[in-house]
Amino acid sequence: MAALDAWPVDPPSVWVGRQRELEMLNAAVESVAGGKGSVAWVEGDPGIGKSVLAATCAEAVHEAGWSVFWGTADKLSERLPLGAMLDCLRIRHDSSDERCRAIADYLRRQGSGSLVVNDVVHTASEMLHVLVDELCAESPVLMVLDDLHWADEASLAVWHRLTLEVAQLPLLLLSTSHRNSRRPAVQELRGAVARRGATVIPVGPLTGSEVDTLVMNMIGAAPRESMTPLVASAMGNPLYLRELIRTLSSVHFANTAATGGGLSDLSAKMPPSLVAALRDRLSFIPPATMELLRVAALLGGEFTVGDLAVLLRRSAFEIEGEVQDALAAGVITEVNSQLAFRLPLVRNILYNSSSHAMRAALHQDAAKALADANAEVLVVAQQLSASGRAGGAWARRWLLAAAPRLLARAPEVGLELLQREVDEAQVHDGEWASLTVTLARSLLAMGHSVEGARRARQALVVATEPAARAEIHWLLARSFSSVGRNHQALETVERALSEPDVPGVWRARLLASLALFQRADTGDLDAAEISARQALRVGEDVGDAFGIAYALTSLWMISSVRRDHVAALDYVDRALETLGMSADDADLRTFVLDSRIFTMQNLDRWRDAEATLLRARKLAQGDSSGFVAPSITAAVLMYWFGRWDDALAELSPVADELAEVTYSGLRERGPALLQRGVAALIAARRDERQSASDLLNAGLNLPVNTSDRENSDFLIAAHALVAEQDGDPHHALSILSVFLQRRPGEMTLVHQWLPDIVRLALSVEDRSAVQDALRVCREEAAAESRPARADAAGNRCVGLVDRDPVVLGGVVEHYRATGPVVDLAGTLEDLAVALVAHGKMDEARNALNEAVELYDRFGAAWDIARAERRLRTLGIRRGVHGPRTRRPAFGWEALTRTEVKVAYHVGQGMSTPKIAESMSLSRRTVQTHISHILTKLGARSRVEIAREAFRRGLGEEPAEDGPAAHRQTRSAPQP
């Protein structure tokens with residue numbers, strides 16, 4: 001990819017001062033040249049030389065063959081999500097790089113009428129991260145974000161994530177920022193990068209001698225005493241000094257100043273501030289060029305010739321002369337295909353030369369002119385937003401047409417403009433009702449529940465079109481459900497369905513939602529099934545793929561709660577076939593694939609569950625519609641496979657984006673509860689007490705409503721285990737006992753935790769709890785349409801209570817064949833106890849040894865201690881096998897199988913996205929593995945990983961660590 005060939009700021013031909021700052025930047029460059037990325041944060045007052053330092057660095061590394069990308073933020077674009085990053089990486093429709101064009105095309109497609117809210121910013125952010133990864137695989141990269149303090153928050157988030165990943169890439173992130181920015185997001189980012197060891201470079205005023213040297217270099221003679229007032233007014237700021245001297249030169253006073261003649265008169269005439277100097281300098285620019293520059297100032301720090309021509313009501317050919325004059329005067333400069341003000345202060349002077357009222361009017365005129373010329377939606381929106389007032393009839397008409405695209409790309413700006421026009425327009429205006437409907441729809445879709453509900457009530461008063469009314473009701477119901485108000489969601493959908501002339505598309509969707517809310521609110525599965533089947537019939541009648549898939553998903557949910565997993569699989573497969581690869585349905589498709597993995601586990605088809613996960617990964621890697629591979633579900637799958645390091649790697653990136661995972665309103669806090677729960681349970685079973693406690697507290701502090709309970713099971717299990725570790729098995733049993741009362745309509749897979757309830761109940765001799773657990777075991781097993789996972793768990797519970805090695809041996813064989821190694825290990829431990837009861841001491845020891853070997857494989861230190869203690873009281877010890885060999889914490893032997901495979905790919909020179917594609921993992925999961933590898937090897941960069949992999953002779957790809965790797969070939973001991 002071609003990087004920038006020039007930067008908005010020219011480095012000086014001769015540096016005065018700044019040697020310390022340059023040395024700090026050089027050290028960061030050398031770190032990247034050695035393979036380890038770096039972050040540099042340059043801060044100081046305006047004009048102090050931050051951008052010049054960045055330009056000097058860019059010039060040097062560009063000559064060394066690096067790719068250089070430069071973006072400049074400004075106040076006008078502060079609220080345009082990803083604006084600064086798109087500018088930095090030159091994401092353009094006409095880019096010569098197909099990857100940049102793909103991102104630009106994705107953004108252009110958004111807002112085309114999708115009825116399911118996709119997280120456009122999140123998806124585009126991921127695409128940008130992939131792009132940076134791939135660029136770094138081609139050459140070292142310098143990314144400059146100039147005036148970061150004005151960057152939009154989405155760009156700051158991308159920049160922050162890159163700073164976390166930079167150690168794995170030959171990447172230098174160089175930002176410039178005002179000192180002591182008051183924006184919380186900027187302050188948080190600065191604190192975060194400083195804590196992680198970024199090179200923070202404060203740039204202060206030049207010293208007195210440095211000021212004298214700079215003036216002498218500019219005027220060709222040593223400054224005289226009579227220049228002191230002007231020099232002092234610049235306060236050591238090199239930009240101020242240069243502009244003062246250049247202003248003097250422009251009025252032919254430089255020579256006089258050098259000799260001291262007339263300087264006192266000049267000092268009286270010249271104000272002592274840079275602003276005055278710049279104004280004087282601008283006064284020598286021809287009037288026509290000044291008019292062009294004032295208009296350009298409305299467009300922000302960077303602008304296109306085309307937009308400028310539109311505002312001037314002239315052709316590009318007609319304004320060429322003025323543009324050349326402005327370039328020659330050094331006021332603007334060329335930045336690739338755009339123009340930019342060389343100094344932000346000049347743009348500010350021009351912009352503020354008009355009164356506030358005049359600027360508002362100019363922005364309004366600019367917006368209308370750009371809209372009439374079919375300019376980019378965001379450009380028009382910027383002008384309307386900057387005007388600070390409603391635009392009138394034309395703006396309302398434009399906004400109605402532009403709203404889908406605008407809300408997809410810049411939701412906060414879109415909401416601001418909609419609210420402004422709705423509040424200013426009269427109720428009888430033709431567009432008021434439609435704008436109100438659009439505003440309500442947008443607020444609800446974006447999760448602004450309170451304001452969205454208020455606007456929805458307004459919209460329902462004025463909305464007459466049945467489709468609009470149905471959609472508002474649908475979104476309002478989703479909003480209620482998202483905060484646990486399922487009863488209100490149910491009432492809202494029922495009210496919508498009672499209205500006349502509901503279009504078939506919306507009737508299908510409302511009925512499917514009704515089924516979900518009936519299940520969640522009342523637990524009436526029969527009523528929910530009737531609603532879902534009605535939804536399916538209506539959806540099929542009108543040919544609405546989303547409505548059909550939504551109805552099938554509702555039927556999947558109902559069947560899963562009933563434990564009819566065979567029917568559930570049929571419904572979910574039909575939903576996938578119906579959805580196909582439509583970009584509009586990406587988030588629903590995510591949920592359906594997630595559901596299929598869930599069902600495959602319930603059917604004890606673990607290898608098929610993993611195959612579905614791999615399919616989801618491949619879809620996500622080749623999809624630019626917003627499809628997200630299910631990391632939470634992958635983590636749960638890895639948990640039962642005993643691949644706990646892989647599970648934690650899956651969970652690590654999820655923690656940063658929990659608020660973004662919603663799946664069309666079908667899940668809200670569920671991912672957060674599961675993330676904390678799985679991580680806490682792994683930490684507890686590994687006997688990492690402090691980590692388990694921290695994760696548990698974070699999870700228990702999350703709000704849990706009725707519909708969230710089914711996502712809390714891992715958290716509850718972790719809570720019980722911590723109580724057991726604290727020496728209170730009674731309390732642990734009481735915590736787990738919530739699983740003995742599955743509420744009507746609740747999904748929770750209680751069979752997963754019943755063996756632990758039985759074990760604890762037996763240990764404290766609570767016969768009532770034992771019988772309750774056995775009753776639930778029988779109920780769960782009997783509910784399965786085909787004996788599968790609940791049946792196996794039920795048999796394990798029965799064998800545990802009866803101490804029956806035949807029953808437990810059968811369960812062991814079942815788990816050997818199907819693959820959940822965590823269940824296999826636990827059942828082997830139970831089998832050892834049963835064998836002791838039958839006097840089979842050698843077989844018991846063998847079962848215990850195998851259980852401990854498996855526990856050791858995934859690091860379950862607490863389980864090992866518990867199993868040994870449990871069997872020791874029965875007279876069984878493992879002394880025959882000698883001490884266990886734990887995996888070391890550091891060195892090559894500390895790497896997991898997955899990490900070894902990742903290291904192999906790093907050694908092959910593959911980029912992170914390519915490794916993710918090869919291994920069917922998410923890019924961020926691969927990054928987590930690489931981070932672990934760096935820590936374990938004590939390596940500083942991917943180069944050192946590759947060197948170690950080469951030294952280890954990884955000539956061929958290592959075998960993957962999958963469920964098959966844990967299947968045992970030996971038979972279970974028999975009595």
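Predicted model: local features only at pLDDT ≥ 70, side-chain atom pairs only at ≥ 80, totals over all residues.
The secondary structure of the protein comprises 48 helices and eight strands. Of its 975 residues, 59% count as buried. Among contacts between residues at least 6 apart in sequence, 71% join residues at least 24 apart. The accessible surface amounts to about 38000 Å², and carbon and sulfur atoms account for 51% of that area.

A total of 17 aromatic pairs was counted in the model. One of these is formed by W556 and F591, whose ring centres are 6.0 Å apart; their planes meet at 90°, and because an angle over 60 degrees counts as edge-to-face, the pair is assigned to that class. W556 belongs to helix α28 (residues 545-561) and F591 to helix α30 (residues 586-602), so the pair ties together parts that lie 35 residues apart in sequence. Both partners are covered: W556 has a relative accessibility of 2% and therefore counts as buried, and F591, at 1%, also counts as buried.

A further pair consists of Y855 and F858, with ring centres 6.2 Å apart and planes at 85°, so this pair is likewise edge-to-face. Y855 and F858 are both buried. The two residues also take part in a cluster linked by ring pairs, in which they are joined by Y639, W640, W644, F714, F739 and W753.

Charged side chains were found over two tryptophan rings. R789 lies over the face of W640, at 4.7 Å from the ring centre, and W640 is itself a member of the aromatic cluster. At the other site, the charged end of R478 sits over the ring of W474, 5.3 Å from the centre of that ring.

Y855 is also one of the buried residues of helix α43, which runs over residues 841-857. The buried residues of α43 are A844, A847, L848, N849, E850, A851, V852, L854 and Y855. After α43 comes G859, which has a positive phi, near 80°.

How values were computed:
Residues numbered from 1 in each chain as written. Heavy atoms only, no water. Phe/Tyr/Trp six-rings, centres within 6.5 Å; stacked < 30°, edge-to-face > 60°. Helix = DSSP H or I, 4+ residues; strand = E, 2+ residues; numbered from the N terminus. Buried < 20%, exposed > 50% of the residue type's maximum accessible area, 1.4 Å probe, protein only. Lys NZ or Arg CZ within 6 Å of the ring centre and 35° of its normal. Expected span 1.5 Å × (residues − 1). Contact = heavy atoms within 4.5 Å. Areas by Shrake-Rupley, 256 points an atom, 1.4 Å probe, with all protein chains shown as cover.
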